[in-house]
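Trainee: Can we go through this one together? I would like to ask questions as I look.

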Protein chains: 2
Amino acid sequence: MMRNWEDYVRKVTPYVPGEQPEGTDIIKLNTNENPYPPAPGVQERLKWLSADSFRLYPEPDCKTLVRAIAKHYGLESAQVFTGVGSDDVLAMIFLTFFNSEKPVFFPDITYSFYDVWAEMLRIPYETKALDQDFLIRKEDYYEENGGVIFPNPNAPTGILMELSEIEDILLHNQDVIVVIDEAYIDFGGTSALPLIEKYENLLVVQTFSKSRSMAGMRIGYAMGNEKLIRFLNDVKYSFNSYTMNRAALLLGVEAVQDGAYFEECCRKIINTRERTKSELSRLGFAFGDSKSNFIFATHKSIPAEEIFEALKKEKIYVRHFKKPRIENYLRISIGTDSEMEKLIHCLERIL
Amino acid sequence: MMRNWEDYVRKVTPYVPGEQPEGTDIIKLNTNENPYPPAPGVQERLKWLSADSFRLYPEPDCKTLVRAIAKHYGLESAQVFTGVGSDDVLAMIFLTFFNSEKPVFFPDITYSFYDVWAEMLRIPYETKALDQDFLIRKEDYYEENGGVIFPNPNAPTGILMELSEIEDILLHNQDVIVVIDEAYIDFGGTSALPLIEKYENLLVVQTFSKSRSMAGMRIGYAMGNEKLIRFLNDVKYSFNSYTMNRAALLLGVEAVQDGAYFEECCRKIINTRERTKSELSRLGFAFGDSKSNFIFATHKSIPAEEIFEALKKEKIYVRHFKKPRIENYLRISIGTDSEMEKLIHCLERIL
């Protein structure tokens, strides 16, 4: 018997995260993780963590971590919001700010969680097609809307938008919240962060999951003017008062404090990315000029899905999206030099 | 200038968590934390945690922890959902299942997050007054509604409802989701868990924050039939794919596996609670028969707020709610024997 309760279930089509295969002999280039470990201070601090303190609730306002992030970027604590990965931060932003009857705008090819959040929260939205080179056309975002969100660099294309273009979008959107999702900004982009002083409706979202090698600890953050952060915190406190656990708060501080290690890791990944681009070109792949820790590539003759399956057989995992316009592309995360060499050798055999 | 974007902000009155005062010389009896450390295995496992693994995302399905919880309760993994504390689990339940136009029912005196979630998510609700002895009247929940939720034992009263009464409520509510919030069940109550085999619409929610001394790690869980858990996971994957970090997943397994330590801690807290009840009686307090790790007490002559402030001056923190019907009550968490002796001595001086 079908009971009535099923009529009132929020039925959704959830976001599907990349596979998380297990094993030490695999090369995992499918979820844009960092191939290098977190800053040495993280391991050091971990050694001194006492389980006894776990009996107590963590700071509800995450103030130790918020303060460390604010200090790193030269902000006030009141300008920073933290959450359980940038997905949690973005979900809170959708819930807090996207309550208009007008549609929220984002690109047709972009982070595939945006439409999931909108559908789940019943927020109207409209996607704007990237041009034939997979670039965002800023003019598409000048119409009246209920909010604007896009990643910069965009995902899964890896292509960066210039700050002057972002400012053009902001100039045309001062009555709605504009969110720049900068998960990949540290791999060669210029952050829109300085613009938060000029535009009170701008939120810049970043994460510890990519450039800070902390995907496993779930730390994301938003930066914006105090009023936005206060509204965001009010909704957060209406959802879960204690989101980030004691380990994430303490270890996150260590990850953000080590500037030298951070820069070295990013530089290594950028170098590996540029070398990988040459190799992929040589092998007949085409791709945009990625400024992220992945390359979004299509091959001139072999279908993406075939390459995807062939790599998987060799225990090399990349990401393939079965979606319109991009089904013939592979998103390849940047690993270590040695991992990328193995990938190239493997591709040479396959092609 | 007030910009239009403010019109579309979700304006809420957030839940206010208990104070988190810092310092080692305080006695903290205000947020129902466990006075004993987590199971020894947690500290042991912590020693072997490697920060290197943090560069990788955690399991999106939390399967290691889900399996351990399922095993502990003799369930299948498909019957268990985990989240970032039971608040996260409960918020997900509200979002997933409470989508009717009919009001959700819960007591007028209860966990003060229920009305916050309902308001935030714009879910209609109706509170049902506890009787003069602060008992839930089961008949109040027999009318047509959009869902039923209450804690057992109830918070902040600590009073337990018999399983037969819970079953009466279930018998009258087979077309809506019924949630029994068992945050405090391990301190002398009988769980409604066996009823999930009989009632497909029942969810039993528990937490590691109280009886397992892991408030600081944020681990909560719901148990129910596979269909309910699947709907809940779909919404979770539409909100945040990776909620629980690697530390919480690994250390949570250790906390749930040590049955002997768990039982010893609960027994100690129950003994301390019963001793504290005698002392409080002697000092002129009245209270219901708490089966939780706190006592909800009122004094025959001194107003609760006065006692609250006097204790605070002595660095003893208890909880006082400025709310109708309960403003003359204090919620006193059960600490160690020595902490409770200090409380009693302090009360003797104050009264």
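Trainee: Is Asn32(B) buried or exposed?

Mentor: Buried, because Asn32(B) has 24 other C-beta atoms within 10 Å, and 20 or more is the cut-off for that class. Keep in mind that this is a predicted model.

Trainee: Where in chain B does Asn32(B) sit?

Mentor: Asn32(B) is in the loop between strand E1 (27-28) and helix H1 (40-47) of chain B. Its phi is near 55 degrees, which is a positive value in a residue other than glycine.

Trainee: What about Phe134(A), what is its phi?

Mentor: Phe134(A) has a positive phi of about 65 degrees, and it is not a glycine either. The residue lies in the loop between strand E4 (125-128) and E5 of chain A.

Trainee: New topic. Which peptide bond in chain A is cis, going into Pro156(A)?

Mentor: The bond from Ala155(A) to Pro156(A) is cis, with omega near 0 degrees. Pro156(A) is in the loop between strand E5 (147-151) and helix H5 (163-171) of chain A.

Trainee: What is the bond from Ala155(B) to Pro156(B) like?

Mentor: That bond is cis, with omega near 0 degrees. Pro156(B) is found in the loop between strand E5 (147-151) and helix H5 (163-171) of chain B.

Trainee: Now helices. How do H2 and H7 of chain A cross?

Mentor: The axes of H2 (residues 63-73) and H7 (residues 246-257) of chain A come within 8 Å and cross at roughly 10 degrees. That angle makes H2(A) roughly parallel to H7(A), because angles under 35 degrees count as such.

Trainee: Which residues meet there?

Mentor: From H2(A), Thr64(A), Leu65(A), Ala68(A), Ile69(A) and His72(A). On the H7(A) side they meet Leu249(A), Gly252(A), Val253(A), Val256(A) and Gln257(A). By class, the contact has six nonpolar, four polar and no charged residues.

Trainee: Last one, the two chains. How many residues of chain A are in contact with chain B?

Mentor: 69 residues of chain A are in contact with 69 residues of chain B.

Trainee: Which helix of chain A gives the most to that side?

Mentor: H3(A), with seven residues. Helices H1, H3, H4, H6 and H7 of chain A each supply at least two.

Trainee: What is that side made of, by class?

Mentor: The side of chain A that touches chain B has 37 nonpolar, 20 polar and twelve charged residues.

Terms used
Residues are numbered from 1 along each chain as its sequence is written. Chains are lettered from A and ligands numbered from 1 in the order in which they are written. This is a predicted model: local features need pLDDT of at least 70, side-chain atom pairs count only at pLDDT 80 or more; totals for chains, interfaces and linings use all residues. Axes are lines fitted to C-alpha atoms, for helices over the stretch in contact, and angles run from 0 to 180 degrees between N-to-C directions. Helices (H or I, at least four residues) and strands (E, at least two) are DSSP runs, numbered from the N terminus. Angles under 35 degrees count as roughly parallel, over 145 as roughly antiparallel, 65 to 115 as roughly perpendicular and the rest as oblique. Two residues are in contact if their C-beta atoms, placed from the backbone, lie within 7 Å. Ala, Val, Leu, Ile, Met, Phe, Trp, Tyr, Cys and Pro count as nonpolar, Asp, Glu, Lys and Arg as charged, and the others, Gly among them, as polar. A residue is buried if 20 or more other C-beta atoms lie within 10 Å of its own, exposed if 12 or fewer, and partly exposed in between; C-beta atoms are placed from the backbone.
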